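Subject: Structure handover

Hello,

Here is the structure for your files. My notes on it follow below.

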Amino acid sequence: MFSVTVRDHIMIAHSFRGEVFGPAQRLHGATFLVDATFRREQLDDDNIVVDIGLATQELGAVVAELNYRNLDNEPQFAGVNTSTEFLAKVIADRLAERIGKGALGEGARGIAGIGVTLHESHIAWASYERAL
């Protein structure tokens, strides 16, 4: 399996519901380093997994929809604990949608899977992987 990873970052504010979250139940900020990995079994006709420039551009567009936002105030996340794991899935699903629409080029239609990792710090991160 071949893979290419591109990176960006987001800064958000949010709070959580539930005792398991302790002090994070209060409004707080988070800065995430975001890695998006694209996987495929065979390289495309140009011998690449995906156009790195387009992958970087589209990841940037996806995270821009979340960046500098208080997720508690976003209707799409009403009543949802926007955990790191949950946000990794949101980003992966939005990237998958963009691939389906051709935003990463026709060659990207051969991508077999996407993995998104959100790094909360140098010692903690969460990931989500999905097939296409």
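Two strands pair if DSSP finds at least two bridges between them. Helices (H or I, at least four residues) and strands (E, at least two) are DSSP runs, numbered from the N terminus.

This is a predicted model: local features need pLDDT of at least 70, side-chain atom pairs pLDDT 80 or more, while totals for chains, interfaces and linings use all residues. Residues count from 1 along each chain as its sequence is written, and side-chain values use heavy atoms, without hydrogens or water.

The hairpin: β4 and β5 form it, with 5 residues between them. Strands β4 (residues 113-119) and β5 (residues 125-131) pair antiparallel over 7 bridges. T117 has S127 in β5 as its bridge partner.

The sheet: it is open, has 5 strands and mixed pairing, and runs β3-β1-β2-β4-β5. β3 (69-70) and β5 stand at the edges with a single partner strand each, so one side of each lacks a neighbour in the sheet. β1 and β2 (residues 28-40) run antiparallel, joined by 13 bridges. R7 stands opposite D35 in β2.

The helix: α1 (residues 52-64) packs on the sheet and touches β1, β2 and β3 (contact: heavy atoms within 4.5 Å). Its direction makes about 20° with that of β1 (axes are lines fitted to C-alpha atoms, for helices over the stretch in contact; angles run from 0 to 180 degrees between N-to-C directions).

Beyond four places in sequence, H14 touches residues including R26, N70 and T82.

Best regards
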